[in-house]
Structure formats: structure tokens, C-alpha cells
Amino acid sequence: MALKANKKSVLSPYRLSRLVKGLTQNEASVLVGASPRSLIRYENEENEPPKGTVILMDKVYGCGGRLINYWLTGEKFSFRKFVKKISWLFLLKKLRSGSNE
């Protein structure tokens with residue numbers, strides 16, 4: 001299944017962070033307290049998310065302040081390093097829980 005990109009043909013940090021975390025838009029919207037339509041607009045960078053929503057996204061997606069920095073400065077972060085870190089943390093969590101999924 002191909003991912004749809006925004007008008008710039010680049011995934012926004014908001015969308016990419018959600019995808020790396022493995023959440024659907026509906027799941028993420030519940031966790032960050034935004035409507036699914038609002039989340040779509042934030043991910044497409046049509047609307048700027050409120051500060052509180054960005055703080056929740058950063059926490060829920062496990063970005064370690066990177067989304068907040070992006071929101072404040074517009075400076076994109078290295079997703080390659082982020083994806084590696086999240087992948088290892090996910091694997092470690094899975095191993096500790098004894099999950100075979």
C-alpha cells in the first residue's frame with residue numbers, strides 16, 4: 001500500500017512520527033485529543049496544530065521533544081536516526097514483555 005504524501009511530496013514530521021509509532025489516524029486522534037479531520041490537516045500541514053496537541057503528539061509518538069522543536073522552529077529532524085531508535089525501543093519492549101506477536 002503506497003503512502004500518500006502532502007503537496008510537497010514529503011511526509012510531514014507529524015505524519016511520519018505517527019506512522020513510525022504504528023498508529024492509525026483514528027487511534028492517534030483519540031490519543032492526542034484531536035478530531036481525525038484535524039489530525040489529517042496537521043499531517044498535511046494545511047493547519048498548524050495547537051501547542052498542547054503538539055506536546056501530546058510528541059509524547060504519544062515518543063519523539064523526545066523533536067516534534068515540539070519542529071513546531072517551534074520549522075527545523076526537521078533526522079528521521080533515519082529516529083526510526084532506528086524507535087525500532088530498537090519497540091523490539092526491546094517486545095522482548096521484555098515476552099510477546100510473540
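Are R15 and E43 buried or exposed? In this predicted model, both R15 and E43 are buried.

The model holds 3 salt bridges. One of them joins R15 to E43, with 3.4 Å between the closest N and O atoms. Because R15 belongs to helix 1 (residues 13-21) and E43 to helix 3 (residues 36-43), this pair ties together parts that are 28 residues apart in sequence.

E43 also meets the side chain of R18 in a salt bridge, at 2.5 Å from N to O. Here too the pair links distant parts of the chain, with E43 in helix 3 and R18 in helix 1, 25 residues apart. The relative accessibility of E43 is 1%, so E43 counts as buried. R18 is likewise buried, since its relative accessible area is 6%, where the limit for a buried residue is under 20%.

## The R37 and E46 pair

A further salt bridge is formed by R37 and E46, whose closest N and O atoms are 3.9 Å apart. R37 counts as partly exposed, at 40% relative accessibility. E46 is also partly exposed, with a relative accessible area of 41%. Salt bridges that share partners join R15, R18 and E43 into one network.

## S29 in helix 2

S29 is part of helix 2 (residues 25-32). With a relative accessible area of 4%, S29 is buried. When residues up to four places away in sequence are left out, S29 touches A34, S35, P36 and L39.

## The two sides of helix 4

Helix 4 spans residues 51-61, and its buried residues are T53, V54, M57, D58 and Y61. These residues lie on the same side of helix 4 because they cover an arc of only 135° around the axis. On the other side of helix 4, K51 and K59 are exposed. Just after helix 4 comes G62, which takes a positive phi of about 70°.

K59 lies within helix 4, and its relative accessible area of 68% is the reason why K59 is classed as exposed, the limit being over 50%. The C-alpha atom of K59 is separated by 9.2 Å from that of V32, a residue 27 positions apart from K59 along the chain.

Conventions
Residues numbered from 1 in each chain as written. Predicted model: local features only at pLDDT ≥ 70, side-chain atom pairs only at ≥ 80, totals over all residues. Heavy atoms only, no water. Buried < 20%, exposed > 50% of the residue type's maximum accessible area, 1.4 Å probe, protein only. Helix = DSSP H or I, 4+ residues; strand = E, 2+ residues; numbered from the N terminus. Arc of directions from axis to C-beta. Contact = heavy atoms within 4.5 Å. Salt bridge = Lys/Arg side-chain N within 4 Å of Asp/Glu carboxyl O.
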